[in-house]
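Q: Please take a close look at a single part, an interface, and describe it in one connected answer. Give the cut-offs along with the terms.

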Amino acid sequence: MEIPTPLMAISDPLFDRYRVKVWVKRDDLNHPHIQGNKWHKLKFNLDAAKLQRKTTLITFGGAYSNHIAATAYAAKEAGLKSIGLIRGEELAASPHTWSHTLKQAVDNGMALEFLTRQVYRLRDDPDFLLDLQQRYPDAYLLPEGGSNELAIQGFESLMTEIEQQCPQWDTLFTPVGTGATFAGLVRYALARANRKINGVAVLKQADYLLPSIRKWVGIPPAVAWQMLTDYHAGGYGKITPELQQLKQRFEAQFSIPLDPVYSIKMVAAFYDQLQRGEIPPHSKVILLHTGGLQGNALQQGTDSTTL
Ligand SMILES: Cc1ncc(COP(=O)(O)O)c(C=O)c1O
């Protein structure tokens with residue numbers, strides 16, 4: 001049973017000036033360790049792994065991947081072993097340089113294997129995956145970011161919850177990494193006039209994600225959607241002084257913690273779109289907080305170019 005997370009109304013004279021109402025969907029509060037979108041993505045995959053009597057979860061990620069941390073914890077909780085295939089073979093020899101995320105994953109029982117960037121690029125290659133499956137026949141393979149069809153289906157309950165808490169919403173903002181979360185929300189949103197879901201890409205040149213997002217959305221959705229690609233602030237894991245300031249101001253004003261990789265860029269996109277007049281007056285806007293708060297332990301200035 002999933003307990004609904006709060007939908008928090010936030011107010012600011014700026015929102016009044018543009019005559020919009022704004023809520024933050026606090027999905028960061030849905031689970032202490034498998035936070036936000038990670039829980040939705042993993043829940044049906046865990047069921048499938050158990051149904052197929054698999055004993056191990058294997059997945060892919062970078063050194064700062066929230067998905068790696070979440071998978072390690074979820075596997076432990078489900079009584080499964082876990083293996084993380086991590087981008088960057090140089091990390092194998094220097095455990096003292098491991099990110100908080102990797103250390104946390106190991107503490108939760110995940111075994112790590114480090115791949116060269118060349119091998120890591122094969123993470124979706126059918127032959128590579130077949131070989132991996134043959135090497136680990138008892139393993140359930142999860143793609144990078146946990147983004148697959150079962151992950152998308154995991155967002156139906158979240159969308160239903162949002163519809164129940166705020167049936168009159170018409171604009172929704174969500175961060176985009178692989179695009180699976182965004183696609184899941186688009187797939188399950190109900191038809192209403194003038195509804196739009198905005199996915200905010202947190203990585204550079206994210207247009208390459210569009211074909212997989214379209215595939216995941218499936219049949220033409222009932223709502224309009226667009227991916228905003230100008231709010232990456234220089235790339236994945238990059239944050240500018242302006243974003244840092246906005247993060248601090250937002251956190252102090254609304255007592256809502258943001259993560260430095262995903263939710264801050266989503267919030268920045270909302271403010272910019274509002275001030276550009278892209279959000280019509282009387283709109284009812286939902287900002288989806290997808291969690292990732294463990295990313296606040298992220299060291300600045302380090303290589304974090306993989307989800
Ligand atoms: C906290 C957080 N929010 C949003 C996303 C983006 O999700 P997706 O990869 O489904 O686009 C991720 C992971 O990628 C994440 O860790």
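A: Across the interface of domain 1 and domain 2, zero salt bridges are found, where a salt bridge is a side-chain nitrogen of Lys or Arg within 4 Å of a carboxyl oxygen of Asp or Glu. The model is predicted, so local features need pLDDT of at least 70 and side-chain atom pairs count only at pLDDT 80 or more, while totals for chains, interfaces and linings use all residues. Residues are numbered from 1 along each chain as its sequence is written, and side-chain values use heavy atoms, with hydrogens and water left out.

Domain 1 covers 7-32 + 150-297 and domain 2 covers 37-148; these bounds come from an automatic or database domain assignment. Between the C-alpha centres of domain 1 and domain 2 there are 26 Å. In contact (heavy atoms within 4.5 Å) are 21 residues of domain 1 and 22 residues of domain 2.

The two domains bury about 1,700 Å² between them, with 54% of it on carbon and sulfur atoms. Buried area here is the accessible area (1.4 Å probe) that two parts lose on being put together, summed over both. On the side of domain 1, the residues that lose the most area to domain 2 are His31, Leu150 and Gln294, together 34% of what that side buries.

Polar contacts do occur: ten residue pairs between domain 1 and domain 2 are counted, both residues at pLDDT 80 or more. A polar contact is a pair of N or O atoms within 3.5 Å; within protein, one must be able to donate a hydrogen and the other to accept it, and residues adjacent in sequence count only if both atoms are side-chain atoms.

Helix 7 (149-153), helix 8 (156-165) and helix 9 (180-188) are the elements that give two or more residues to the side of domain 1 that touches domain 2. Helices (H or I, at least four residues) and strands (E, at least two) are DSSP runs, numbered from the N terminus. Helix 7 supplies the largest share of that side, four residues. By class, the side of domain 1 that touches domain 2 consists of nine nonpolar, eleven polar and one charged residues. For this count Ala, Val, Leu, Ile, Met, Phe, Trp, Tyr, Cys and Pro are nonpolar, Asp, Glu, Lys and Arg are charged, and the others, Gly among them, are polar.
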